[in-house]
Amino acid sequence: MMNVQPISSAARWQPSATQPALKLESDERWSSFDEVLNLLRFDGHVHGVNSSLFRRRRLKAGQSALRMGQPFDGLYVVRLGALKTSMTHVDGVEHVLAFPMKGDLLGFDGICKNKYLSEVVALTDCDLIRIPDAELFSPGRGCNDIERMAYWAISREIVQEQTTYALTHSAKSEARVARFLRTQSERFAAMGYSPNRFTLPMTRRDIGNHLNVTLETVSRAFSALDHLGIISVERREIKILSLEALRKFENK
């Protein structure tokens, strides 16, 4: 079993100020198989030592990581930064699907039709690790550790999407916002950052789009939670003052 080294959760996450400076595109860098396992928080078994190396890809805030219709060339693991995944319908309306961050997997929607079905845009400076399609689907390859890891990560992402779907279709509007903040808290904790103080990389409009509520509802929920002393809000900075009260609010 892969042992993932814990990281101190005392650090506060900020979208860009605390991120290591990104290198120029010409400065090619690689990540090991073990680093990918650690980023994914893989808890399965691997057989022996895998010496595979995966090329990193760097993005500036606002750049597209993947575009709808782009040919599938592999899966991507987020090493640093935060992104937004969305789909644009035929009428031009965008729907925000997710906000991938460190340790999340991108691009698995491209396997079915050999092209990516969603748009992925960097919200902050990002560093991605590409697992090329040749490592996954080359003719004659049997199921190896890389494939096993990829299937495990894809399954985890599907579970997370199902949880998000349930969130946006079961709870009342303001409760959805509270549950979103609690989920973000858990995600930051899993990344090794403080679960009680973090800066949201996405806008309130994107949060509303993701939760299928209006921008006004998001702002109203933030204000209500702040007024009740459950959270403290300063622009995009969130400080959770009572996680228990936040849970009670989302279940009202």
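Which element gives the most to the lining of the largest pocket? Helix H4 does, with 8 residues, where helices (H or I, at least four residues) and strands (E, at least two) are DSSP runs numbered from the N terminus. The structure is a predicted model, in which local features need pLDDT of at least 70 and side-chain atom pairs count only at pLDDT 80 or more, while totals for chains, interfaces and linings use all residues. Residues are numbered from 1 along each chain as its sequence is written, and side-chain values use heavy atoms, with hydrogens and water left out.

**The largest pocket**

- The largest pocket has a volume of about 740 Å³, a pocket being an open set of points on a 1 Å grid over the protein atoms alone, where a 1.4 Å probe fits and where there is protein on both sides within 12 Å along at least five of seven lines. Grid points are joined across faces, edges and corners, and the volume is the space filled by probe spheres set on the points.
- Of the 35 residues that line this pocket, Ala98, Glu157, Gln160, Thr164 and Arg187 are the closest to its centre, and a lining residue is one that has an atom within 4 Å of a point.
- Two or more lining residues come from each of strand E5 (83-88), strand E6 (94-98), strand E7 (105-106), helix H3 (145-170) and helix H4 (173-190).
- By residue class, the lining divides into 16 nonpolar, 9 polar and 10 charged residues; here Ala, Val, Leu, Ile, Met, Phe, Trp, Tyr, Cys and Pro count as nonpolar, Asp, Glu, Lys and Arg as charged, and the others, Gly among them, as polar.

**Salt bridges**

- The count comes to 17 salt bridges, under the rule that a side-chain nitrogen of Lys or Arg lies within 4 Å of a carboxyl oxygen of Asp or Glu.
- Glu250 forms a salt bridge with Arg182, with the closest N and O atoms 2.7 Å apart. Because Glu250 lies in helix H7 (residues 243-250) and Arg182 in helix H4, the pair ties together parts that are 68 residues apart in sequence.
- Both Glu250 and Arg182 are buried, on a scale where buried means under 20% relative accessible area, exposed over 50% and partly exposed in between (1.4 Å probe, protein chains only).
- Glu237 and Arg197 meet through their side chains in a salt bridge of 3.1 Å, N to O; since Glu237 lies in strand E12 (residues 237-240) and Arg197 in strand E10 (residues 197-199), this pair ties together parts that are 40 residues apart in sequence. Arg197 counts as partly exposed, at 33% relative accessibility.
- Within helix H7, Lys248 and Glu244 lie 4 residues apart, about one turn of the helix, and form a salt bridge whose closest N and O atoms are 3.6 Å apart. Lys248 is exposed, with a relative accessible area of 55%, and Glu244 is exposed at 53%.
- Salt bridges that share partners join Glu35, Arg56, Arg79 and Asp127 into one network.
- Lys248 and Arg179 are 69 residues apart in sequence, while their C-alpha atoms are 9.8 Å apart in space.

- In helix H5 (residues 204-211), Asp206, Ile207, Gly208, His210 and Leu211 are buried.
- Asn212, in the loop between H5 and H6, has a positive phi of about 65° although it is not a glycine, and Asn212 is exposed, with a relative accessible area of 54%.
- Thr214 lies in the loop between H5 and helix H6 (215-227) and is partly exposed, with a relative accessible area of 42%. Thr214 and Arg204 are 10 residues apart in sequence and 9.2 Å apart in space, C-alpha to C-alpha.

**A further positive phi**

- Arg235, in the loop between strand E11 (231-234) and E12, has a positive phi of about 55° although it is not a glycine. Arg235 is exposed, with a relative accessible area of 73%.
- For context, most residues other than glycine have a negative phi.

**A nonpolar surface patch**

- Ile111, Phe137 and Tyr151 form a nonpolar patch on the surface, with about 270 Å² of accessible area together. Such a patch is made of residues with over 30% relative accessible area and no salt bridge, nonpolar side chains (Val, Leu, Ile, Met, Phe, Trp, Tyr) being joined within 5 Å, and the areas come from the Shrake-Rupley method with a 1.4 Å probe, where only the protein chains shown count as cover for residues.
- Phe137 has its place in helix H2 (residues 134-137) and counts as partly exposed, at 40% relative accessibility.

Methods
Patch = residues over 30% accessible without salt bridge, like charges linked within 9 Å, V, L, I, M, F, W, Y side chains within 5 Å.
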